[in-house]
Amino acid sequence: MRITVLGSAAGGGFPQWNCNCRNCAGVRAGTVRAKPRTQSSIFIRADEGQDGVLFNASPDILEQIRARPELQPARGIRDTAIAAVVLMDGQVDHATGLFMLRERGTPLPLWCTDPVAEDLSTGNPILRVLEHYCGVRRQPIPLDGARFEVAGLSLQALPLSSKPAPYSPRREAPVAGDNIGLLIRDGRSTVFYAPGLGAITPPVFDAMAGADAVLVDGTFWTDDEMPRLGLSTKTARDIGHLPQSGPGGMIEWLGRLPARTRRLLIHINNTNPILDEDSPERALLERAGIEVCEDGQRIDTST
Ligand code: MLT
Ligand code: MN
Ligand code: ZN
């Protein structure tokens, strides 16, 4: 399976346009060694040369496509290597890129859960707006563990404990399917992908433990990262993200996976100290065998 990380940052990207936190100011000024990142999305092809699946449509999708020639194979006057889009949630950073794909000549094949389709037809009616352009051919993601096939990949969804988007009427009363993790298989390897993950329940841990590689929520280092900087009153857990450090944090969970599992963090918020390649937090991850995804990174799990 060939994974290309198109965007490895959380909502806002890195640096975020209006942010002057240590990381954002430092990367702009060149005083912090860190790589700029666009908003969260990955592209996966079952095989080299084959069309693939876009997991999440980031508002940065046009820049991401320009940066990755494999997304534009140029076999015709209008072309794309994106066979279908799969959404993990209805958040702004994962769904608004759908608008940028409106010039398609045929309806966009789009897989999402029923609660996400509802949010994207009401609170943030992207799907209704798109009916005036290419339209979508929406297919429901099953939540009962049934496997479904998209562009040669076998997918299996796990409902996650997290939060629907702030615009959702269910923001404080999440239902199964507001956020999912996915087991992605190509017959040779299995990847677990969950860019937004609020808590690791036994089924989620089992899914992670059965995968060759996990790409999981890397949003915040500490639960109080945003309140401590005076940027929000909400903690990481309040908005549905499990922090990396501390008791019960992501590092502890990743440490329990089988030694062979490749561990990667994705959807990293601009405030997270792990973005600074010289930080003690980054060194701690390195010692723990945990990678920090970068835009453009290729992960080949078939070798
Ligand atoms: C989140 O996952 O909580 C988001 O990145 C929020 C956002 O898109 O603003
Ligand atoms: Mn997000
Ligand atoms: Zn910042």
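How far is an oxygen atom of ligand 1 from an N or O atom in the side chain of histidine 267? Select both: the distance is 3.2 Å. Keep in mind throughout that this model is predicted.

**Stop 1: ligand 1**

Stay with ligand 1 and show its surroundings. The residues around it are Gly11, Gln91, Asp93, His241 and His267. By class, that shell holds four polar residues and one charged residue, with no nonpolar ones.

Now turn to the contacts. Pick glycine 11. One of its backbone N or O atoms sits 3.0 Å from an oxygen atom of ligand 1. Next, pick aspartate 93. Here a polar side-chain atom lies 2.9 Å from an oxygen atom of the ligand.

**Stop 2**

Aspartate 93 belongs to helix α3 (residues 92–95), and histidine 267 to the loop between β12 and α9, so the pair ties together parts 174 residues apart in sequence. Aspartate 93 and histidine 267 are both buried.

**Stop 3: the zinc ion**

Move to ligand 3. Which residues coordinate this zinc ion? Select Cys19 (SG), Cys21 (SG), Cys24 (SG) and Asn270 (OD1), at 2.2 to 2.3 Å.

Now trace the donors along the sequence. Their spacing is C-x1-C-x2-C-x245-N. Take cysteine 21 and asparagine 270 as a pair: they link distant parts of the chain, 249 residues apart. Cysteine 21 is in the loop between β1 (2–7) and α1 (22–29). Asparagine 270 is in the loop between β12 (262–266) and α9 (280–287).

Are these two buried or exposed? The cut-off for buried is under 20% relative accessible area. Cysteine 21, at 11% relative accessibility, therefore counts as buried. Asparagine 270 counts as buried too, because its relative accessibility is 2%.

**Stop 4: helix α1**

Finish on α1. Its buried residues are Asn23, Cys24, Gly26 and Val27. Cys24 is also one of the zinc donors. Then step off the end of the helix. Glycine 30 follows α1, and its phi is positive, near 80 degrees.

Key:
Residues are numbered from 1 along each chain as its sequence is written. Chains are lettered from A and ligands numbered from 1 in the order in which they are written. This is a predicted model: local features need pLDDT of at least 70, side-chain atom pairs count only at pLDDT 80 or more; totals for chains, interfaces and linings use all residues. Side-chain values use heavy atoms; hydrogens and water are left out. Donors are N, O and S atoms within 2.8 Å of the metal (3.2 Å for Na, K and Ca); water is not among the atoms, so sites may look incomplete. Helices (H or I, at least four residues) and strands (E, at least two) are DSSP runs, numbered from the N terminus. Buried means under 20% relative accessible area, exposed over 50%, partly exposed in between (1.4 Å probe, protein chains only). A residue is near a molecule or strand if one of its heavy atoms lies within 4 Å of it. A polar contact is a pair of N or O atoms within 3.5 Å; within protein, one must be able to donate a hydrogen and the other to accept it, and residues adjacent in sequence count only if both atoms are side-chain atoms. Ala, Val, Leu, Ile, Met, Phe, Trp, Tyr, Cys and Pro count as nonpolar, Asp, Glu, Lys and Arg as charged, and the others, Gly among them, as polar.
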